[in-house]
Amino acid sequence: MASIKLEHINKTYPNGFQAVKDFNLEIGDKEFIIFVGPSGCGKSTTLRMVAGLEDISGGELKIDDKVMNDVEPKDRDIAMVFQNYALYPHMTVYDNMAFGLKLRKTPKAEIDKMVREAARILDLDKLLDRKPKALSGGQRQRVAMGRAIVRDPKVFLMDEPLSNLDAKLRVQMRIEISKIHQRLGATIIYVTHDQTEAMTLGTRIVVMKDGVVQQVDTPQHLYNKPNNLFVAGFIGSPQMNFIDAVVKANGKDVTVKVGDSMLEVPASKAKALIDSGYDGKTVVMGVRPEHVHDSQMFIETSPNSVIEATIRVYELLGAEVYLYFDYAGVQMTARVDPRTTAKTGDTVKFALDMEKTHFFDKESGLTIVN
Amino acid sequence: MEQDQELQRLLNELKQDTGITFAVTGECEDGREETIAQLRKLVKSYRTGNNREYFLQRVLNGEVVSSRLYQDAKRFHINAGDLFRVFYIELCQEYDIDVQAILKSLFYPQTGIFVIPMSSSQFVILKAVGKRNSDADASKIAYMILDMLNTEAMLDARVAYGTAAGQLEFLQDSYREARLAMEIGHIFYVRERVFAYDRLGIGRLIYELPVSVCKAYVKEVFGDNIPESLDLETLTTINTFFDNGLNISETARNLYVHRNTLVYRLEKLQKTIGLDIRNFEDAMTYKIVVMAVDYIRYMEKRK
C-alpha cells in the first residue's frame with residue numbers, strides 16, 4: 001500500500017474563489033483517513049485533487065514520495081468509489097468487476113484472479129453469476145467496491161459512497177467497509193459530511209471548514225479535546241451545548257456566571273482561565289448533552305454547578321432521553337437516562353459536570369481549556 | 001502498382017461493407033485515378049449513409065432536412081414518437097480507454113439510448129424518457145454518468161443537459177441548450193460539474209447581454225475600482241449568507257460563528273465594496289456585478 005503527503009495544497013478557481021487553503025497532511029500506510037465537514041468545506045475538492053480529477057493550484061501531492069501533481073489519474077495507482085455509482089445492468093457481478101480491467105487490456109487469467117480475490121474479500125464469491133437486479137442494496141454496494149478493489153491500487157478514494165443508501169443500510173455498510181479495510185490492509189481516504197460515519201470509521205479524522213483544516217486527530221481526541229468551537233460543535237450528536245459565561249476569579253478559585261447561576265470551575269480549568277487572562281471576561285462554555293445530569297445523585301454531589309430550567313421538549317429514543325430546555329437565552333440539550341421522571345413543562349434542576357466542560361475564546365473560537 | 005493495390009483494397013472494403021462483389025474492367029491508365037476517387041466516395045457514402053451515429057450527429061447539428069428525418073430515423077430504428085433528452089458530455093482530460101463502451105454499457109439493454117461521439121472529447125447521450133421525466137430524474141442520470149466516468153474511466157468530465165425534445169426536429173434545439181448550459185457553467189459555476197439548461201438562473205441572463213452593457217454596469221457600481229479578490233472567509237460568508245436567504249441567525253449557525261461575528265464581517269464588507277448585502281437591493285447588485293465581471297473576463301480571454 002502507500003503513504004501520502006499533501007504539502008501546502010491549495011485550490012483556487014479562475015474566479016478567485018479559494019476552495020482549499022494550505023492543506024497539509026501525512027497519511028501513513030494502511031491508515032483510514034476521514035475528511036469531514038459541512039457542505040462546501042473543500043473535502044471533496046481535496047479528494048479530487050488526490051485523484052487527479054482536479055488540478056492542484058499550489059503545493060505538492062506525493063504518493064510514496066513521488067510527486068503526483070501532473071500525473072494522470074489512471075497513472076496514480078488509485079481507485080475510486082463515488083456516491084452516484086451504477087452497475088452495468090446487463091453484466092453479471094463477475095463482468096461488472098472485470099469490465100474496467102478488460103477495457104485496459106488486462107490478460108484474461110489476471111482478470112480472473114483479481115476478480116475472484118476481490119469477490120472473496122467482499123463475500124461475493126457465490127454471487128458472481130448474478131445480475132444487478134437480483135442483488136440487494138448492500139450487495140450492489142459491495143460490487144461497486146469490488147470494481148475498485150480489482151485494480152489493486154495503492155490508495156482507495158471514497159466520496160460519500162453511502163449517502164444514497166437508507167439509514168439502516170448505511171449503518172450495515174459502515175461495518176462492511178470497516179471489515180474490508182481490515183481485510184485489505186489498504187490506505188483509504190474517505191469523505192463524508194456525516195460526523196457519525198467519520199467517528200465510527202476513521203483511524204484519524206480531518207475536520208475541515210471553509211477550505212481550512214480545523215483539526216486532525218483520532219476520533220476520541222476530537223471528541224474530548226476539540227481545538228476550537230467549530231470542531232466542538234461539529235463532532236458529537238446531539239451537538240455540544242454552548243453558553244456564554246463570565247469568568248470571575250477570587251484568588252485561585254474561579255466561578256463562571258451563566259445566566260443567573262454561579263458555577264464553580266474545577267481547579268485544573270480555573271488555572272488555565274486565570275493564566276490566559278480571562279478574569280472578568282466573557283467566554284463560551286461548552287458542555288456535551290451527556291454531561292448535563294438530571295439525577296438527584298449528581299445534583300446533590302455537585303451543588304455548585306446546578307441550573308434550573310423548564311423542559312420544552314421530551315424525546316424518548318429508547319435507550320436514552322433527550323430533554324430540550326432554554327437557559328440564559330440558549331437552547332440546551334440534556335441526554336439522560338430513560339428512567340427519568342422529567343416531562344415536558346416540568347421545571348427541573350440540572351447538574352453540569354464541570355470537570356467535562358470546555359471553555360472557548362468568544363472572539364476567536366479557539367479552545368482555552370478542555 | 002500502388003494504384004492497383006489501392007484499387008483492390010477499396011474493392012475489398014466495399015465487399016466487406018455491402019456484401020456485394022464489385023469488379024473494375026478496362027485498361028485506361030488515366031481512368032485509374034478517377035476510378036479510385038469514385039470508389040473512395042462510394043465507400044465513404046455507404047459507411048456514413050448507413051451509420052446511425054453519423055446520422056444522429058447530423059440531426060443534432062441540424063444538417064438533416066425534415067423530409068428525410070423521419071424516413072432515416074425509421075431506418076435506424078429510432079422511435080420518432082419518443083421524448084428524448086440530450087446529455088452533453090465534455091471530457092476534461094486525455095484518455096486511452098474506450099469511453100463510448102463504458103457509456104453504452106451503463107444503459108444497455110435499454111432501448112432508446114444512443115451514445116454519439118461528437119468529437120474526441122465530446123459525447124452526446126440521447127435518452128428516450130417518459131412523459132413524467134423530471135429535472136430530478138435527469139440530474140440523477142447526469143451525476144451517475146459523471147461518477148462512472150470519474151471512477152471507471154478515471155477521467156474528469158462535465159455533463160450538461162437540455163430540456164426534453166418531443167419531436168426529432170427539436171433535438172438540435174435540445175443539443176444547443178445543453179452546449180449553452182455547458183458554456184455558461186464554465187463561466188459562472190466553475191465548481192460544479194453538472195449543468196441543467198433550465199436551472200442556469202441569472203447566468204443565462206447575463207450571458208445573453210453584450211459585453212459593453214456588462215462593462216457599463218460594472219463601472220456604474222464600482223467606478224474605476226473593482227475590488228481585489230475577496231479572501232476565502234469573506235467569500236464563504238457571502239455565499240452562505242445568500243444560501244440562507246439573507247438570514248443572519250441561520251447564516252451564523254451554518255458558519256458556526258456568533259451572530260455578532262457575522263454582523264462584523266458584513267459591516268467590514270460594506271466598507272470594502274460599498275454595498276450592504278444585508279439589504280436585498282445591494283445583495284442583488286453584488287451578485288449580478290460579480291457575475292458580470294466573470295463574464296467580461298471570460299469573453300476577453302476567449303478573444
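This is a predicted model: local features need pLDDT of at least 70, side-chain atom pairs count only at pLDDT 80 or more; totals for chains, interfaces and linings use all residues.
In chain B, five strands form an open sheet in the order β2-β3-β1-β4-β5, with mixed pairing. Its edges are β2 (113-119) and β5 of chain B, each of which pairs on one side only. Neighbouring strands of this sheet are turned by 20° against each other on average, direction ignored. Strands of a sheet pair through backbone hydrogen bonds, and the pairing is either parallel or antiparallel.

| Strands | Sense | Bridges |
|---|---|---|
| β1(B) and β3(B) | antiparallel | eight bridges |
| β1(B) and β4(B) | antiparallel | five bridges |
| β4(B) and β5(B) | parallel | three bridges |
| β7(A) and β8(A) | parallel | five bridges |

B:Ile89 stands opposite B:Phe123 in β3(B), and the bridge partner of B:Ile89 in β4(B) is B:Val159. Further along the sheet, B:Ala160 has B:Phe195 of β5(B) as its bridge partner. Between β4(B) and β5(B) the chain passes through helix α7 (residues 171-188) of chain B, and this β-α-β crossover is left-handed.

Why is strand β4 (residues 157-161) of chain B described as largely enclosed by the rest of the structure? Five of its five residues are buried, so the strand is largely enclosed. The covering applies to both faces of β4(B): B:Ala157, B:Val159 and B:Tyr161 are buried on one side, and B:Arg158 and B:Ala160 are buried on the other.

A helix also lies on this part of chain B. Helix α5(B) lies across β1, β2 and β3 of chain B and runs at about 160° to β2(B).

**The contact between the chains**

The contact between the chains takes 26 residues from chain B and 30 residues from chain A. On the side of chain B that touches chain A, the elements giving two or more residues are α5 (99-107), α6 (135-151) and α10 (232-243) of chain B. Helix α6(B) gives six residues, the largest share of that side. By type, the residues on the side of chain B that touches chain A divide into 13 nonpolar, six polar and seven charged.

**Helix α2 of chain A**

Helix α2 (residues 93-103) of chain A is mostly covered, with eight of its 11 residues buried. Among the buried residues are A:Val93, A:Tyr94, A:Met97 and A:Phe99. What do the buried residues of α2(A) pack against? They pack against α3 (108-121) and α4 (137-149) of chain A together with α5 of chain B. Just after α2(A), A:Lys105 takes a positive phi of about 60°.

Two packed helices are described by the angle between their axes and the distance between the axes. For α2(A) and α4(A), the angle is about 35° and the axes are 8 Å apart. Their crossing is right-handed. On the α2(A) side, the contact is made by A:Val93, A:Asn96, A:Met97 and A:Gly100, while α4(A) contributes A:Val143, A:Gly146 and A:Arg147. The residues of this contact divide into three nonpolar, three polar and one charged.

**The sheet of chain A**

Chain A has an open sheet of six strands in the order β6-β7-β8-β3-β9-β10, and the pairing is mixed. Strands β6 (78-82) and β10 (212-217) of chain A are the edge strands, each pairing on one side only. The twist averages 15° from one strand to the next. Within this chain, strand β7 (residues 155-159) runs parallel to strand β8 (residues 187-192). A:Phe156 has A:Ile188 in β8(A) as its bridge partner.

**A residue in strand β14 of chain A**

A:Val287 lies in strand β14 (residues 282-287) of chain A. Is A:Val287 buried or exposed? A residue counts as buried if 20 or more other C-beta atoms lie within 10 Å of its own. A:Val287 has 24 C-beta neighbours inside 10 Å, so A:Val287 counts as buried. Not counting residues up to four places away in sequence, A:Val287 touches A:Met240, A:Asn241, A:Val292, A:Leu352, A:Lys356 and A:Thr357. A:Gly233 is 54 residues from A:Val287 along the chain, and the C-alpha atoms of these two residues are separated by 10 Å.

Key: Residues are numbered from 1 along each chain as its sequence is written. Chains are lettered from A and ligands numbered from 1 in the order in which they are written. Two residues are in contact if their C-beta atoms, placed from the backbone, lie within 7 Å. Helices (H or I, at least four residues) and strands (E, at least two) are DSSP runs, numbered from the N terminus. Ala, Val, Leu, Ile, Met, Phe, Trp, Tyr, Cys and Pro count as nonpolar, Asp, Glu, Lys and Arg as charged, and the others, Gly among them, as polar. A residue is buried if 20 or more other C-beta atoms lie within 10 Å of its own, exposed if 12 or fewer, and partly exposed in between; C-beta atoms are placed from the backbone. Two strands pair if DSSP finds at least two bridges between them. Axes are lines fitted to C-alpha atoms, for helices over the stretch in contact, and angles run from 0 to 180 degrees between N-to-C directions. A crossover is right-handed if, with the strands pointing away from the viewer, the path from the first strand over the helix to the second runs clockwise. A crossing is left-handed if the near helix is turned anticlockwise from the far one by less than a right angle, and right-handed if clockwise.
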